[in-house]
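Grab a pencil and try each exercise before you peek at its solution. Take a look at the structure first.

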Amino acid sequence: MSIASTPSTLQHEPTVATHAASAPHHAGFLSTYVFSKDHKVIGLQFLFSTLVWFLIGGLLALAVRWQIAWPWSDVPVLGKLFAQEGGQMAPEFYTMLFTMHATVMIFLVIIPILAGAFGNFLIPLMIGADDMAFPTLNMLSYWFMWPAFIAFGASFFVEGGAASSGWTSYPTLSTNIASSPGGGWGQTLWLLGLTMVGVSSMLGSVNYMTTIILMRAPGMTMFRLPMTIWAMFITAVLQAFALPVLTAAGFMQLADRTLGTGFFSPEGNIVNNWMQATGGGQPLLWQHLFWFYSHPAVYIMILPAMGMVSDILTTFARKPLFGYRPMVYSIAGIAGLGFIVWGHHMFMSGMNPALGITFMVSTMMIALPSAVKTFNWLGTVWGGRIQFTTAMLFALSFVSMFIIGGLSGIFMAATPVDIFIHDTYFIVAHFHYVLFAGTAMGVFAGIYYWFPKMFGRTMNEFWGKVHFFLTFVFMNGTFFTMHILGAVGFPRRLADAYHYETFHHLQPLNAFMTWCAIGMVATQAIFAANFFWSMFFGPVAGRNPWRANTLEWTAPSPPGHGNFDFQPVVHRGPYEYSVPGVEKDHLMQTDPPNATAAALAAAH
Amino acid sequence: MSRISGILWSLLFLAVPVLGVATFAVAPAIDVWLPPDVSAHGAAIDGLFYFILALTGVVFVATEVLLFWFLWKYDAANGSRPATYIHGSHSLEVVWTIIPAATLLFLAIYQMNTWADVKMRRPAMAPSVEVVARQFEWRLRYPGRDGTLGTPDDLFLVNDLHVPVDEDFLVQLKSMDVLHSFFLPNLRIKQDAVPGMKIPVWFKATQTGQFDIVCAELCGWGHYKMKGRVTVESRADFDRWLESQYARQEATQPEADPTAAVARTE
């Protein structure tokens, strides 16, 4: 008989305990849905907030693309809202657009959606805990995002507009208040917003580390953790070690702007007839401090997606993860090496070129763990029984696109080649392949995959696949072409590059990319409609719609307060799919051990 | 799930390497490619670019085609064979760790010399010109007839860099206000200009002609129009041009006062 299926059938029967655990403990609306300390509600708060900012960031990108494709032509819609001189974009407005596009996408979307939304929702569920270690800190980590939302949002409406010195905010453009129109209030708000995002991340980070170390269910050893949790754990470590540096640097820049210090300005630095009161500082100091955080932050922005994709691939390949330990070690390797490669952002900065060589070698070496991960993903797909669900398609596209983003990084790592392609569209192509074609695909995969656990219903598969197909096509149309633009040397951040002889013929290609970008953003309407429709009208999912192994699928969908209606006890790793001799093709982490033994015995 | 959908999805993933390679194959034909190189060191940079392109191209095609093939073959709708129950392979892990590691290490060592040539082995000579970047122009200061920078007969120009062909040319790069980046696409030169720093940049132009100077580091609202031109010309033409500029400056500025010229900001 089917031994393995018995326990999970039992789990599917709602018990009296379920009901008690799901009850909201007589809490009011405010404490249940707004100032909630429940990790799942906080996770969903992060999810909804970041998806709204995702839309804003996408529209900012379209405005940027509009100017690049058709410089100085009237901007539809947005032109009426912001621009001067009719609907035409001013060049300072353009600098503001790309600065805020990157800022919003990095600090208000990618980092909080991975760590805040998925980290919060998944960590306790996947390790078998009833909540985070510090629920109040957890709630604060969400609410500290609001000062940031307000600071970044308000900065569009202050005199002179939002920050316009790039998301990297390099001095002395960023520190000198006369360098941008309007006295640069936007830049000051930007620094305050950044600090608040940092506080939020730090609160999340200590919470995740503590929870993962101390609150795992019985039997859940570190090497039985799903890759998602390993990735979240190492991400939290990265944040804890790197963030203080950015926060300190941010305060120094704030002091330079408001208190008249000169950490980043040399003696007598005059910009636009305004002299920094004190000097003796160094613009490169900011770059070192900024990238000491922001390079590890690049991994903060991809590792959780790698973890989620690993889990999704195994579920829909019905196969154990290929090389679990190498996968864990390579994440740890990326995190470790991630702290000694920041200088590769500074090869052209005036930093000692001999130092550049050491950063070049460490950067070349960090490609190695990424390669190992890619090969293991391929190994996972190999020999599987692949189910082409929407979540799987997004996860597969993560792998396919990460290969491109990973390989294109080698060009920049090679210092002599970087001389030519530094700050061109080649680097823009590279990080969009990693962050959009990579991370955002991982995020979509995660949403389609865990949606049933979040809302108890599954998303529509047909429209999910339409969303995937169009996003995939338009995304490559937008970003792949950036590589060859970069090969021409087409510089980033130029409001109009066509008056250069070298670049004058590139307008048609840019127009093509802009059309693709418009298509890509428009496609997300399908996603939004599917998301909200399915929340209320999608088919009811049940506990384990994908027949997956990890602990969250033993809880009710959606899980009540306290998550589990029984204490999960873990007996094996998370990837026991298609175990020979077991009738059903997966063994959950909670399935009793005699199931495996008996099944293997029966097989012989 | 039907076999057809599995086939179509696999083909979508096959389109990635096919169209990817096609894009790079077509790009040079439609002139969306590396601009002509007119520098002595550029061939080494371009060679390295092509080498990495070939290397990554092979890895790209191989991995993407494998992915396609696995999706095609291991589609659940394709036959009733069970999934392979395997947790990994130690020997495979060793192979695919050591081969990329060796390749990357080779790449790292292979390029060092080019980098050192372009950025570390400065020719032993006095600066040919001082370039001072400011919002939003390139200020140039050539040595006067005495051949020395920093003397009262220095020549001051804006955005119009002249360079003798087939000679080492040493630029002393500074910035007056914010970061800029001195980018000469055809000469394969890029170097940030940093306030408070004096950074040497050198190259040897190998062909005559006129080329762009682009600012490649965000320097404010007018970043896009911080445009200069570099004219590479024969030694004789260069000397003739220099002579005419000396004459022009002496005619308009009998008492050469370089500090006045630099400090005259509006």
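This is a predicted model: local features need pLDDT of at least 70, side-chain atom pairs count only at pLDDT 80 or more; totals for chains, interfaces and linings use all residues.

**Exercise 1.** Work out how spread out chain B is.

Solution. 
- Step 1: start with the inventory, which for chain B is five helices and ten strands.
- Step 2: compare two sizes. The radius of gyration of chain B is 27 Å, while the globule rule gives 18 Å for 266 residues.
- Step 3: look at the box around the C-alpha atoms of chain B, roughly 95 × 35 × 35 Å along the principal axes.
- Step 4: check burial too; 38% of the 266 residues in chain B are buried.

**Exercise 2.** Trace the open sheet of five strands in chain B.

Solution. 
- Step 1: write down the strand order, 3-2-1-5-8, and note that the pairing is mixed.
- Step 2: find the edges. Strand 3 (155-158) and strand 8 (199-204) of chain B each pair on one side only.
- Step 3: zoom in on one pair. Strand 5 (residues 168-175) of chain B runs antiparallel to strand 8 of chain B, with six bridges. For B:Val171, the bridge partner in strand 8 is B:Val201.

**Exercise 3.** Describe the side of chain A that touches chain B.

Solution. 
- Step 1: count both sides: 94 residues of chain A contact 85 residues of chain B.
- Step 2: find the top contributor on chain A's side, which is helix 14 of chain A with 15 residues.
- Step 3: sort chain A's side by class: 60 nonpolar, 26 polar and eight charged residues.

Terms used:
Residues are numbered from 1 along each chain as its sequence is written. Chains are lettered from A and ligands numbered from 1 in the order in which they are written. Two residues are in contact if their C-beta atoms, placed from the backbone, lie within 7 Å. Helices (H or I, at least four residues) and strands (E, at least two) are DSSP runs, numbered from the N terminus. Ala, Val, Leu, Ile, Met, Phe, Trp, Tyr, Cys and Pro count as nonpolar, Asp, Glu, Lys and Arg as charged, and the others, Gly among them, as polar. Two strands pair if DSSP finds at least two bridges between them. The radius of gyration is taken over C-alpha atoms; the globule rule is 2.2 Å times the number of residues to the power 0.38. A residue is buried if 20 or more other C-beta atoms lie within 10 Å of its own, exposed if 12 or fewer, and partly exposed in between; C-beta atoms are placed from the backbone.
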